[in-house]
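Okay, everyone, thanks for coming. Let me put the model up on the screen, and then I'll walk you through a few spots.

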Amino acid sequence: MPFELPKLPYAADALQPFISKQTIDFHYGKHHQAYVNNLNNLVPGTPFENAALEKIVRESDGGIFNNGAQVWNHTFYFESFSPSGPREPIGELAVAIESTFGSFAAFKEQFTKSAVTLFGSGWAWLVKKSDGSLEIVQEPNAGNPLRKGLIPILTCDVWEHAYYLDYQNKRPDYLQAFWNILDWGAISKRY
Ligand code: MN
């Protein structure tokens, strides 16, 4: 059963003006689709031929890992947004963010800094550790914290293809926009 590009839970123009329809058309429609296609071309005849995507993320290497993790990461990223939805953490995640970072505002500042300062292409993550505490981590390229036994809660894609059409070189402006479209109802359920 080949991997498929998951449907977006909103229309391509629903995140405007923060992320344009043009960016969604390229980032989701072209880049995310290409990772799915590449993965489907790479796995036949390997031990990962019928593996679940999460197993590929945790255990594969090379091209299968790069494309499999990019499929997982992009699905997780796109499913973190909504045109409405609560714009602040709720429930147990809200409590954990306050106890780890002091406040939601302080968390936003630290996460933004982590995303803006990540050199080159990669992903900034908020992760849950085995003791329930939270941490912000940077992963280069297709990196995914599942490989380190951490549970992903939130991610920001800082590959240039995520923001260049809307913000060109201004990654900080993309980060500023990012906070306006997060669906903390969906994100808080991951904790
Ligand atoms: Mn991307």
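Predicted model: local features only at pLDDT ≥ 70, side-chain atom pairs only at ≥ 80, totals over all residues.

Let's start with N141, which is partly exposed, with a relative accessible area of 45%; buried would be under 20%, exposed over 50%, and partly exposed is in between, using a 1.4 Å probe and protein chains only. Residues are numbered from 1 along each chain as its sequence is written, and side-chain values use heavy atoms, with hydrogens and water left out.

Back to N141. You'll find N141 in the loop between β2 (134–140) and β3. Helices (H or I, at least four residues) and strands (E, at least two) are DSSP runs, numbered from the N terminus. The phi of N141 is positive, near 55 degrees, and this residue is not a glycine. Q168 is another non-glycine with a positive phi, about 50 degrees. Q168 sits in the loop between α6 and α7, and is partly exposed at 32% relative accessibility. One more backbone item: the peptide bond joining Q16 and P17 is cis, with omega about 5 degrees, and P17 belongs to the segment before α1. As background, most residues other than glycine have a negative phi, and most peptide bonds are trans.

Now for the interior. Is T155 buried or exposed? T155 is buried, at 0% relative accessible area, and lies in strand β3, residues 151–157. The T155 side chain reaches the backbone oxygen of A124 at 3.0 Å, where a polar contact is a pair of N or O atoms within 3.5 Å; within protein, one must be able to donate a hydrogen and the other to accept it, and residues adjacent in sequence count only if both atoms are side-chain atoms. Leaving aside residues up to four places away in sequence, T155 touches N73, F76, Y77, F111, W123, A124, W125 and F178, contact meaning heavy atoms within 4.5 Å.

Let's follow one of those partners. N73 is in helix α3 and is buried too, at 0% relative accessibility.

F178 takes us to helix α7, residues 171–178, whose buried residues are R171, Y174, L175, A177 and F178. They cover an arc of only 160 degrees around the axis, so they are on the same side of α7; the arc is taken from the directions from the helix axis to the C-beta atoms. What do the buried residues of α7 pack against? They pack against α3 (62–78), α5 (104–117), β3 and α6 (164–167).

Last stop, the cavity. On a 1 Å grid over the protein atoms alone, a cavity is a set of points where a 1.4 Å probe fits but cannot get out, and lining residues have an atom within 4 Å of a point. The structure holds 1 cavity of 30 Å³ or more. Its lining is made up of P6, K7, L8, Y28, H32, T75, F78 and E79, with α1 (21–42) and α3 each supplying at least two residues.

Technical notes. 1 Å grid on protein atoms, 1.4 Å probe; cavity = no way out; pocket = protein on both sides within 12 Å on 5 of 7 lines; lining within 4 Å. Points joined across faces, edges and corners; volume = space filled by probe spheres on them.
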